[in-house]
Amino acid sequence: MKDQVRKAVEESLKKQFPELGGKSLDVAVDYPTQERFGDYTTNAALQLAATLKKSPREIAQAAAAALADDPLFASVEMAGPGFINFTLSPRTWFENLREVEEKGESYGHSQATPSKKIQVEFVSANPTGPLHVGHGRGAAVGDTLARLLKAAGHQVETEYYINDIGRQMKVLGRSVYLRLLELSGRKITFPDDHYQGEYIRDIARRLLEEKGERLLAMEEEEAIERCRGAAANEILGAIRSDLDAFGVHFDRWFSEASLFEKGEVAAALEDLKKRGYIVERDGATWFASSRFGDEKDRVVVRQDGDTTYFASDIAYHWDKFRRGYDLVIDVWGADHHGYIPRMKGVVAALGYKPEQLEVVLIQLVNLLRKGEKVSMSTRGGTFVTLREVLDEVGRDAARYFFLMRRSDSPLDFDLDLARSQSNENPVFYVQYAHARVCSIEQKAKEAGVPIPAHGQVDWRRIASAEERRLMKKISRFPEIVAQSAAHLEPHRLVYFLHELSGDFHHYYNHTRVLIDDAETSAARFFLVRCVKRVIHNGLALLGITAPQRM
RNA sequence: GCGCCUGUAGCUCAGCUGGAUAGAGCAGCGGACUUCUAAUCCGCAGGCCGGGGGUUCGAAUCCCUCCAGGCGUGCCA
């Protein structure tokens, strides 16, 4: 719709002012801040005033007059310093609803041009413990981004990167081994920097029961390695099942260890070396990230010959890009923001465009209970797990809360609020709107009222201000989805659904849908079913259910 | 010190690729259920958009500067 308006404005301006020539004008069509200014507005005249050497009002007046006859519009007016305001006829708005009926479940989806091959990598938590709420936020955002990008017409794959090798894993193995020794009656001292959580004891207990004797008989080194493997498997299994319960599924689970097994770490570094971005200095090997705007170069192979975590990351992204993605999206905790320049440097050094890597940062989640901050520490084991939050507030509320703020700003997650079955809980507000339409459908069915089709509805019956407002919002949905995807900002969709629900609740409270006047009744019924469709599709993109009744 | 992010109503936040009188939820006050679900709706109140300067016809939005807070600044992951 917006595009049609834009095209009309552009054509009219060019006709009125031939001196503008054939080039695209790139006029901006917006939604006015106030309803009395109409449905759409453009500031094109204000912008062109300087080029045309005419007053903005003069330009706007001429353009508006030329557009007045366009059947698309009910009225076109010049206003203020030189805005052109457009009001569409109720009939035009109604015609837009045909698409809702035609597309059904896929209403809101669009075909981006160009359609890109995109990978979204998210969560990627070390398998050293259960997922906590912070991971939950990353999971909700990453998963929703993938859904949004698909809906916007891209080809999307999701991936979880498993850090299944390295120092943290050794610490995990040793933590379990020590607990195992402890459980078998030995006296141990458990270091502070090892994993303190109770789940470590649980794993050790199971290992002791199943193969305790063999493990205890082994060389310590080997036993620790066995403990590590068993623990990582078990924890990863738990992570998968937590994510499953959260409605998050990955197309691929990618192992860091596999990068070494396949020799990709060496190959990637060799590639960079050939391109001239690897330097030897102070007995270590460095990636010349300072040549790409990073503060300094970064070590990839340490003096002792071990590769750094960064080397794995290089290899991982080397692998990703070789798989042919046009765009790679990494969802990271905000505390990793300092790594963006060096990663982008890697991408550039490998011959890709830095913009082909987008990093979405996820800020901290502060859990609140009874208004008090719940303190968390991963190492100390005093964190609240995603599973606990899911058990307490449910999947829908959890996802909604994680998604309702911009991901790069810290989030206060009020457990009591999310759990409350009351009007204070924003997720119900949207779901309730859906359930109310379902309820109307139920009543209609009982009364033998048929479901109206677009072709049978008389648009004149739904031309009130409230009804036009609903129609406008409904027709805006595909644009919101496309924008949320393009900006990688799921919260935009959340706000939109909240607004649409608000408009609907208002309408519902003031206008009875099923009434004796069959024509009006059918028209209203059709309209609210379109609202239901949008809420349903929108919640689906957020991974939230749309209940029939509440 | 340097870098990134943030500062908008009592609280939590939208709005930030410049537009007309800055929005929402919660909290507060006052109203609306014999009618499709009151988990709803209506009304009232609440703001030097952190301070200052600049660019512009026009700034919450862009630039500079200062202040406050968070994070980062490892041959850790």
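Visitor: From which domains does the lining of the second largest pocket draw at least three residues each?
Guide: This is a predicted model. Chain A is divided into two parts, one spanning 2-88 and the other 424-541. The lining of the second largest pocket takes at least three residues from each of them, that is, from domain 1 and domain 2.

Visitor: Which element gives the largest share of the lining of the second largest pocket?
Guide: The lining is made up of 37 residues, and among those nearest the centre are P478, E479 and A482. Elements that give two or more residues to it are α1 (2-16), α5 (98-103), β11 (327-333) and α18 (465-486). The largest share is eight residues, and it comes from α18.

Visitor: How many residues in the lining of the second largest pocket are nonpolar?
Guide: The pocket holds about 860 Å³ of space. By class, its lining has eleven polar and eleven charged residues, and the nonpolar ones number 15.

Visitor: How much area do domain 1 and domain 2 bury between them?
Guide: Five residues of domain 1 are in contact with five of domain 2. Carbon and sulfur atoms carry 34% of the buried area, which in total is about 500 Å².

Visitor: Which residue does K472 meet in a salt bridge?
Guide: Two salt bridges are found across the interface of domain 1 and domain 2. For the side chain of K472, the N to O distance is 2.8 Å, and the partner is D39.

Methods. Residues are numbered from 1 along each chain as its sequence is written. Chains are lettered from A and ligands numbered from 1 in the order in which they are written. This is a predicted model: local features need pLDDT of at least 70, side-chain atom pairs count only at pLDDT 80 or more; totals for chains, interfaces and linings use all residues. Side-chain values use heavy atoms; hydrogens and water are left out. On a 1 Å grid over the protein atoms alone, a cavity is a set of points where a 1.4 Å probe fits but cannot get out, and a pocket is an open set with protein on both sides within 12 Å along at least five of seven lines; lining residues have an atom within 4 Å of a point. Grid points are joined across faces, edges and corners, and a volume is the space filled by probe spheres set on the points. Helices (H or I, at least four residues) and strands (E, at least two) are DSSP runs, numbered from the N terminus. Ala, Val, Leu, Ile, Met, Phe, Trp, Tyr, Cys and Pro count as nonpolar, Asp, Glu, Lys and Arg as charged, and the others, Gly among them, as polar. Domain bounds come from an automatic or database domain assignment. Contact means heavy atoms within 4.5 Å. Buried area is the accessible area (1.4 Å probe) that two parts lose on being put together, summed over both. A salt bridge is a side-chain nitrogen of Lys or Arg within 4 Å of a carboxyl oxygen of Asp or Glu.
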